Amino acid sequence: MMIKTTWVNHILNFVAVILGVYIAFHISERAKESGEKEESIALMKALLDDLQSDLTTYTDYQIPFNKQYEEQVDSLLLALTNNDTDEIHAKLFQIFQVNNYNPTSTTYNSIKSSGKIRLINDLSLQRKLSDFYDGAAIECENKNQIQVDFFMQELVTWMTVNTDLYETTINKEADMIVLRNKLIVYTSLVAQKIEQYENIAEDITQLKAQLEATVNQ
């Protein structure tokens, strides 16, 4: 009878150990899942802060400013077409007001490089984040750079040779047709950039909505 009782005790102890390990493992997994969920929410909120800041910058400043800038370039083109010297002098140096902006990608790049993108369980949201930051944002940066490169290499070079920057006047022998041709190309680059900015603002609005819905689940 004693032997039977001993075996029963051994079996119960064994079961208790297994059950204890299982419970401890389960508690640990639950704590890990809870921690990862909290970290996931924190990461998405950080992304939301970046996106909101970018959206405000684009809609309140960059898009209106660059539309006004485009109008100034168009006005200069019209003055060149009409050979209106006074108007050309008045508007030529306004085109130095180049202003660009790239979406803030620091938080996303940190999440991606650390492998924590996996904490965002919604695969559709992961894909949209990648499409935005690895696609649209990079395209925006490229369009900004194309405009700046053309401005520096073509327009600034032309003005350095053909204008008196101190007196803000154009040399009489300057070839205005060359300037007009350069501006025709340049204004198309500005227009493309503005369109990109408007698309970026729309993308941000949609991405924010999906992030907010995921955070509030």
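## Phe 96 and the aromatic pairs

At 37% relative accessibility, Phe 96 counts as partly exposed, a class lying between buried (under 20% relative accessible area) and exposed (over 50%), with a 1.4 Å probe and protein chains only. Phe 93, at a relative accessible area of 17%, is buried. The two rings form a stacked aromatic pair, with 6.2 Å from centre to centre and 10 degrees between the planes. Rings of Phe, Tyr and Trp (its six-membered ring) pair if their centres lie within 6.5 Å; planes under 30 degrees apart are stacked, over 60 edge-to-face, and the rest tilted.

A search of the whole structure finds 10 aromatic pairs. Ring pairs also join Phe 93 and Phe 96 with Tyr 69, Phe 150, Phe 151 and Tyr 186 in a cluster.

## Basis of the model

The model is predicted: local features need pLDDT of at least 70, side-chain atom pairs count only at pLDDT 80 or more, and totals for chains, interfaces and linings use all residues. Residues are numbered from 1 along each chain as its sequence is written, and side-chain values use heavy atoms, with hydrogens and water left out.

## Overall architecture

The protein contains 5 helices and 2 strands, arranged from the N terminus as α-α-α-α-β-β-α. These elements are DSSP runs numbered from the N terminus, with helices (H or I) of at least four residues and strands (E) of at least two.

Of the 217 residues in the protein, 34% are buried. Among contacts (heavy atoms within 4.5 Å) with a separation of 6 or more, 83% are between residues 24 or more positions apart. The accessible surface is about 13,100 Å², and carbon and sulfur atoms account for 55% of this area; accessible areas come from the Shrake-Rupley method with a 1.4 Å probe, and for residues only the protein chains shown count as cover.

## Nonpolar cores

A nonpolar core is a set of buried Ala, Val, Leu, Ile, Met, Phe, Trp, Tyr and Cys residues joined through side-chain atoms within 4.5 Å. The largest has 26 residues, of which Leu 47, Leu 129, Phe 132 and Leu 211 touch the most other members. At least two residues each come from α1 (2–81), α3 (106–113), α4 (123–162) and α5 (176–215). Helix α1 gives the most, with 8 residues. A second, separate core of 25 residues includes Ile 95, Trp 158, Ile 170 and Val 190.

Beyond its neighbours within four places in sequence, Phe 132 is in contact with Leu 51, Pro 103, Ala 137, Ile 200, Asp 203, Ile 204 and Leu 207.

## Two buried polar residues

Thr 163 lies in strand β1 (residues 163–164) and is buried, at 8% relative accessibility. A polar atom of the Thr 163 side chain is 2.4 Å from the backbone oxygen of Met 159. Leaving aside neighbours within four places in sequence, the contacts of Thr 163 are Leu 92, Phe 93, Trp 158, Thr 169, Ile 170 and Asn 171.

Gln 196 belongs to helix α5 and counts as buried, at 7% relative accessibility. Its side chain reaches the backbone oxygen of Ala 136 at 3.3 Å. Not counting residues up to four places away in sequence, Gln 196 touches Ala 136, Glu 139, Cys 140 and Lys 143. The C-alpha atoms of Gln 196 and Asn 144 are separated by 9.6 Å, although the residues are 52 apart along the chain.

Methods
Polar contact = N/O pair within 3.5 Å; in protein donor to acceptor, adjacent residues only side chain to side chain.
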